[in-house]
Amino acid sequence: MKLNKIKAFAIDSDGVLLNDTYSPAIKIFVEQHGVKYTSEIERSVWGSPQVTAGHNLALACKLPFSGNHVINEFFKVREQYLRDHPVTVMPDIEKVLKMMSKTGARLICYGGRNKEYSYDKFLAQQSQYFDKETPYIDINEFRPGVNEIVSSLGLNFNEVVFIDDINRVAEVCKALGTGFIGIPASMPHNFQQREMQETGVKFSASAFCDITEEMLIKTDENLAHATLWE
């Protein structure tokens, strides 16, 4: 497979390569405080820097605590959730990683936790497919991270394709003319599939393993002709 425009794939860890263990915990947290889980809460909390997520949780639940305090309480709820729903690698991701690596494009993994937690712990067996110099980028301090990741790679926005489960990343990619393939979070409580449709995401799949060679070629062609977001 020959790609003419794409020089790198930036792939989200949680929710794409790993199962989503954050949005269910957010739902549990707000409902424990008598608040209904809404698209507004999902948007303002999920995918935000941790202290911002804590602050927004405090506002949503009307809690008299700092963002740091609330996010620490949230992680306690998540730890309880993980007892029955541990972090796992999503099925059959290796075949798509292998397909992408054969294009010659760089593969970068990114997420909101440090490399030791998100990458080394869960994705070590797939490390051969990721960039040797920059296999993983922790974007917690500068979410959504599109601008920073592209800049760190020394590439143009239209030479990178982001693969993420959150529409906020799609919105930023659209604004910057960056490539995007959606794996919209699709648990019953999620709103991401509808929001990605409203944003105008052209290419999406129900799971990372469903990304096809044809999808990559079409994404590449759209980026080359500046038609991905038309």
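This is a predicted model: local features need pLDDT of at least 70, side-chain atom pairs count only at pLDDT 80 or more; totals for chains, interfaces and linings use all residues.

Student: Happy to begin. How does one find empty space in a model?

Tutor: Rolling a probe the size of a water molecule over the atoms shows where empty space is left. In this structure, the largest pocket holds about 440 Å³ of space.

Student: Which residues lie closest to the centre of the largest pocket?

Tutor: Val-45, Trp-46, Gly-47, Ser-48 and Arg-143 are the closest to the centre, out of 31 residues that line this pocket. If you look at the elements instead, α2 (39-45), α3 (50-61), α4 (67-84) and α8 (167-176) each give two or more residues to the lining.

Student: What classes of residue make up the lining of the largest pocket?

Tutor: There are 15 nonpolar, 7 polar and 9 charged residues in the lining of the largest pocket.

Student: And how much space lies in the second largest pocket?

Tutor: About 200 Å³. Its lining has 15 residues, and Gly-15, Asp-20, Met-90, Ala-185 and Ser-186 lie nearest the centre. By class, the lining of the second largest pocket divides into 9 nonpolar, 5 polar and 1 charged.

Student: How many cavities of 30 Å³ or more does the structure hold?

Tutor: The count is 1. The largest cavity has about 50 Å³ of space, and you can trace its lining through Glu-42, Arg-43, Trp-46, Ile-166, Asn-167, Arg-168, Gln-192 and Glu-195. At least two of the lining residues come from each of α2, α8 and α9 (192-199). Sorted by class, the cavity lining has 2 nonpolar, 2 polar and 4 charged residues.

Student: Which way do β1 and β4 run, parallel or antiparallel?

Tutor: They run parallel, with 4 bridges joining strand β1 (residues 8-12) to β4. To find your place in this pairing, see Ala-10, which stands opposite Phe-162 in β4. Strand β5 (residues 179-182) also pairs with β4 in the parallel sense, over 4 bridges. There, Asp-164 stands opposite Gly-182 in β5. The chain goes from β4 through α8 to β5, making a right-handed β-α-β crossover.

Student: Now the cysteines. What is a disulfide?

Tutor: A disulfide is a covalent bond between the sulfur atoms of two cysteines. In a model, we look for a pair of cysteine sulfur atoms within 2.5 Å. By this rule the structure has 0 disulfides. Take Cys-173 as an example: the nearest cysteine sulfur belongs to Cys-109 and is 15 Å away.

Student: Is Cys-173 buried or exposed?

Tutor: Cys-173 counts as buried because its relative accessible area is 0%, under the 20% cut-off. Cys-61 is buried as well, at 8% relative accessibility.

Student: Last one: where is Leu-57?

Tutor: Leu-57 sits in helix α3, and its relative accessible area is 0%, so Leu-57 is buried. When reading such a residue, compare sequence with space: Leu-57 and Phe-29 are 28 residues apart in sequence, and their C-alpha atoms are 8.7 Å apart.

Technical notes. Residues are numbered from 1 along each chain as its sequence is written. Side-chain values use heavy atoms; hydrogens and water are left out. On a 1 Å grid over the protein atoms alone, a cavity is a set of points where a 1.4 Å probe fits but cannot get out, and a pocket is an open set with protein on both sides within 12 Å along at least five of seven lines; lining residues have an atom within 4 Å of a point. Grid points are joined across faces, edges and corners, and a volume is the space filled by probe spheres set on the points. Ala, Val, Leu, Ile, Met, Phe, Trp, Tyr, Cys and Pro count as nonpolar, Asp, Glu, Lys and Arg as charged, and the others, Gly among them, as polar. Two strands pair if DSSP finds at least two bridges between them. A crossover is right-handed if, with the strands pointing away from the viewer, the path from the first strand over the helix to the second runs clockwise. Buried means under 20% relative accessible area, exposed over 50%, partly exposed in between (1.4 Å probe, protein chains only).
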